[in-house]
Amino acid sequence: MLKINNLHAAIDGKDILKGLNLEVADGEVHAIMGPNGSGKSTLAQVLAGRETFTVTDGSVDWDGTDLLALPAEERARAGLFLAFQYPVEIPGVSNAYFLKAAVNAVRRHRGLPEFDAMDFLAKVKAEMKAVGMKEEFLYRSVNEGFSGGEKKRNEVLQMALLEPRLAVLDETDSGLDIDALKIVAEGVNRLRSPERSMIVITHYQRLLDYIVPDKVHVLSQGRIVRSGGRELALELEEHGYGWIDTAQGGKAGGASAGARP
Amino acid sequence: MNAPTRSDAIGAFLEQDYAAGFVTTLETDTVPKGLSEDVIRLISARKGEPDWLLDWRLEAYRHWLTMTPPKWAAVQFPPVDFQDIVYYSAPKSKKDGPKSLDEVDPELLRTFEKLGVPLHERARLAGVAVDAVFDSVSVATTFKKELGEHGVIFCSFSEAVKEHPELVRQYLGTVVPPEDNFYAALNSAVFSDGSFVFIPKGVKCPMELSTYFRINARDTGQFERTLIIAEEGASVSYLEGCTAPMRDENQLHAAVVELIALDDAKIKYSTVQNWYPGDKDGKGGIYNFVTKRGDCRGARSHISWTQVETGSAITWKYPSVILRGDSSVGDFHSVALTNNLQQADTGTKMIHMGRNTRSTILSKGISAGRGSNTFRGLVKVTPKAEGARNYTQCDSLLIGDRCAAHTFPTIEVRHPTAHVEHEATTSRIGEDQLFYAMQRGISAEDAVSMIVNGFCREVFKELPMEFAVEAQKLLGVSLEGSVG
Ligand SMILES: Nc1ncnc2c1ncn2[C@@H]1O[C@H](COP(=O)(O)OP(=O)(O)OP(=O)(O)O)[C@@H](O)[C@H]1O
Ligand SMILES: [Mg+2]
C-alpha cells in the first residue's frame, strides 16, 4: 500500500507539487492524466528519489516504511521501478552489462543468488522476445541511438526483469506505434498481480483500453483535482482538461467522480 | 529527508586509501642532499662505472646547468629546489649487491610481496619476469637464466654497464640525447638504475618482462634509465609499474626510457603508473617528469606505448615514436586520470620520417574532483615521409563540475600525400545517468566505474591480460569519492 500525503516538492525554488494526496492499494493499477507541465513526471521522480527535487512538505508511506528516507538505489532494490519518460543514454556501457548489474543488485538485496552470465542471458533473451526486442540490443550501449519506441521497450524489458512491487510508468505509451503499444500493454498486464501496484501516467485513454485501470486521476497544477473510474479518461478525451478547473475549482479528489460538467 | 545526498555518495566514492602508501624501514647507503660534480662522481664510483660513462654524466650535468625547467606545460607547482634532493639512496647490502634472492634483505622481499610483486621462486607471477627497483638500485631480477637460454638479456642497468658495456655504449642516449630537455639532462647526469633489455635478432621474447619501481626513502628522487633494444625481427612486451609511500613532501621522479626497434622488430611498452598522488588537499605526491621515446629505426618496425596513469601529483610525460624506418608503425594508447588536485599534462609525439609510416593515437582523459587533465599531441610529417598516415582520437570524460580537460593537438605536415585525421570528444558523467542507474538498483559508485571502464575499454584491451584487470581495479580505487 502506497500512501502519499500532502506532498510538496520544488525544484530551483519553484514549487511543482503542491499538496498531493494519493493512495494506491496492493494489486491496483492507477492511471494519472493531466496537462503538460502539471507535475506528473515530477511526482514520478520524487517517488523514485531524484535529489534534484526537494521535498518541502508531506510524507510517503510505503508498506510501513518512510519512502522519502531511502536513497534512490535502495528504493529500487526494495522494488520501486520507474519507466522513464525520457530514458537516459549511457555511452560505452553495454545494455547486457547494465541489465545484469541491475538485476543482480536487486537479487542481492532480496537475498537471492546472483545470476551468472549464462543464467542471465537465458532469462533476458526470453524477456526480450516477449517485448519484441532483437538480441543485438543487448550488445549496444544503454539506450544510445535507440529510437524513441526502442527506448520505451527497453524500459518495459527492465521492468519485466526487475519484477518490481511498485511500478511507475511515465508516458511509456508515448511515441509507440499501435503494435508496440499492445506489446507494452501485454508486458504490463503480465506483471499484474495481487501484490504488485502500478501507476500509469499517460495522455491517451487508448492505452487504458489495453491496461484497464482500477482508478483514474487528474493531476493539475501539482495536485490531484479529480479521481474516478475508467470513464473519467473517456470524458477527458472528449472534453479536454479545460472543464476540470472550472467545474471542480481545483478541489482534490472530487466527490462525484466521473460526473459530467 | 534524511537520505544521503548524491554529492556525499560521489564524495565518498572519490576518497580512498592509497594502498601502496607504507614505508619500509631499512638501513640505507645514502648520499647527502644536493647536486654537484662530486655527487655525480660519487654515484658513478658507488656503481663502479667505467670512465666513459662518468664523462658522459658530467657532460650532461654541465649542459643541465645551462638549462631551465620547461614552462609550457599546463601544470602548476612551486619551483623544485634541486639542492634539496637526495640523488642516491640504496638499501645496504653485502658489498657487491645480492647475487641471488637468498641474499636479498627479507624486508625488501616482503615490501615487494606486499605490493603484489612477489619475487621468490614459487610465488612469481606466472610467465612474467620482474626487475625490482627500490629507490636507486635494482634489488632483484627474476627468470634471468631462462631468458638467457633464448639469448635475451634482461637485467638492471648497472649490471648491463658491467656485463654488456659495448651494447650500452652503442645505444645509450641515441634516442633521447642528454641535452634533449631539462629533465632528460638531469637524468643523464644522476641516473642510478633501471632496466636493460636486449632481444637478439629473430627472437620472440618467451615471456612478458616487467620492472617494478618503488620509491621508499624520504627526500629522494628517483632517476631511472631504461633501455630496450629489439634487433631485426625480434619482439618483446614490457610492462612497468610504480608506487611510492605517502609522504607530505613532493618527491621527484625523472626517468628516461629509450626504445630501439630494428628492421621488423616489435616493442610493446605498457605502463601502469600509480605513484602516490598526494592527499585530497593536494599535499605531497610524486612529480612525475618523464621522457619516453621510441625509435623505429628499422623498416617495418613497430613500437607501441600503452599507459594507464592514475597516480602522481603532477604528470609530465609524452611517450613518442620516431618513425624513421620505411613502413614503420607507432601507437600510443593512453588512459590518464586526475582526481582531487592532481594535474596531468600528457600526450605523445609521432614523428613521421620514413615512407608509408603509420601512427595511431588514442587518448582517454578522465578528470574528477578538481583534477586537471591536458592532452598534448604532435603529429609531424617530414618532407620525405611520403604516404604517412595518422589517426588521432582524443576523448575526455569529466566527473563532476570542478575538474578540467584540455586538448592541444598540433599537426605539422610537410608532405602532400600525408593523411592525418583527428577526432575529439568531451563528455560528462551526468546526474541524469547516475540517477538512471541508481533507479535500477545500481550504486552511484558502480555506475561511475561502469561508465569509466566503458570509456577506457579500447585502451585496456591493449594491456596484457593480467594487467588489464589490475588497471581496471586501480581506476576504481583512484576514483573512489569522485562522484559529486
Ligand atoms: N529542472 C527543472 N527546472 C525548472 N523547472 C522544472 C524542472 N523540471 C521540471 N520543471 C517544471 O516543473 C513543471 C512540471 O514538470 P513535469 O515534467 O513534472 O510535467 P509533466 O506533468 O510530466 O508534463 P508532460 O505531460 O509534458 O510530461 C513544469 O512546469 C516544468 O517546466
Ligand atoms: Mg512528464
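Between chain A and chain B, about 2,500 Å² of area is buried, and carbon and sulfur atoms give 62% of that. Buried area here is the accessible area (1.4 Å probe) that two parts lose on being put together, summed over both.

Before I go on, the ground rules. This is a predicted model, where local features need pLDDT of at least 70 and side-chain atom pairs count only at pLDDT 80 or more, while totals for chains, interfaces and linings use all residues. Residues are numbered from 1 along each chain as its sequence is written, chains are lettered from A and ligands numbered from 1 in the order in which they are written, and side-chain values use heavy atoms, with hydrogens and water left out.

Back to the interface. On the chain A side, 38 residues are in contact with 22 residues of chain B; contact means heavy atoms within 4.5 Å. Two salt bridges are counted between chain A and chain B. A salt bridge is a side-chain nitrogen of Lys or Arg within 4 Å of a carboxyl oxygen of Asp or Glu. Arg50(A) forms one with Glu431(B), and the closest N and O atoms are 2.6 Å apart.

Over all chains, the search finds 28 salt bridges. One of them joins Arg225(B) and Glu258(B), at 3.0 Å from N to O. Arg225(B) is in strand β8 (residues 225-230) of chain B and Glu258(B) in strand β11 (residues 256-261) of chain B, so the pair ties together parts 33 residues apart in sequence. Helices (H or I, at least four residues) and strands (E, at least two) are DSSP runs, numbered from the N terminus.

Now the helix pairs. Axes are lines fitted to C-alpha atoms, for helices over the stretch in contact, and angles run from 0 to 180 degrees between N-to-C directions. Angles under 35 degrees count as roughly parallel, over 145 as roughly antiparallel, 65 to 115 as roughly perpendicular and the rest as oblique.

In chain A, helix α6 (residues 148-162) and helix α7 (residues 178-191) pack at about 15°, with axes 10 Å apart. They are therefore roughly parallel. Their contact includes Arg153(A) and Val156(A) from α6(A), and Ile183(A) and Gly187(A) from α7(A). By class, the residues of this contact are eight nonpolar, one polar and one charged. For these classes, Ala, Val, Leu, Ile, Met, Phe, Trp, Tyr, Cys and Pro count as nonpolar, Asp, Glu, Lys and Arg as charged, and the others, Gly among them, as polar.

In chain B, helix α2 (residues 37-46) and helix α3 (residues 51-65) pack at about 155°, with axes 10 Å apart. This pair is therefore roughly antiparallel. Among the residues in contact are Glu37(B) and Arg41(B) of α2(B), and Arg57(B) and Arg62(B) of α3(B). The classes are five nonpolar, one polar and four charged.

Last, helix α9 (residues 431-439) and helix α10 (residues 444-460) of chain B pack at about 120°, with axes 9 Å apart. That makes α9(B) oblique to α10(B). Gln433(B), Leu434(B), Ala437(B) and Met438(B) of α9(B) meet Ala444(B), Ala447(B), Val448(B) and Ile451(B) of α10(B). Which classes are found there? Seven residues are nonpolar, one is polar and none is charged.
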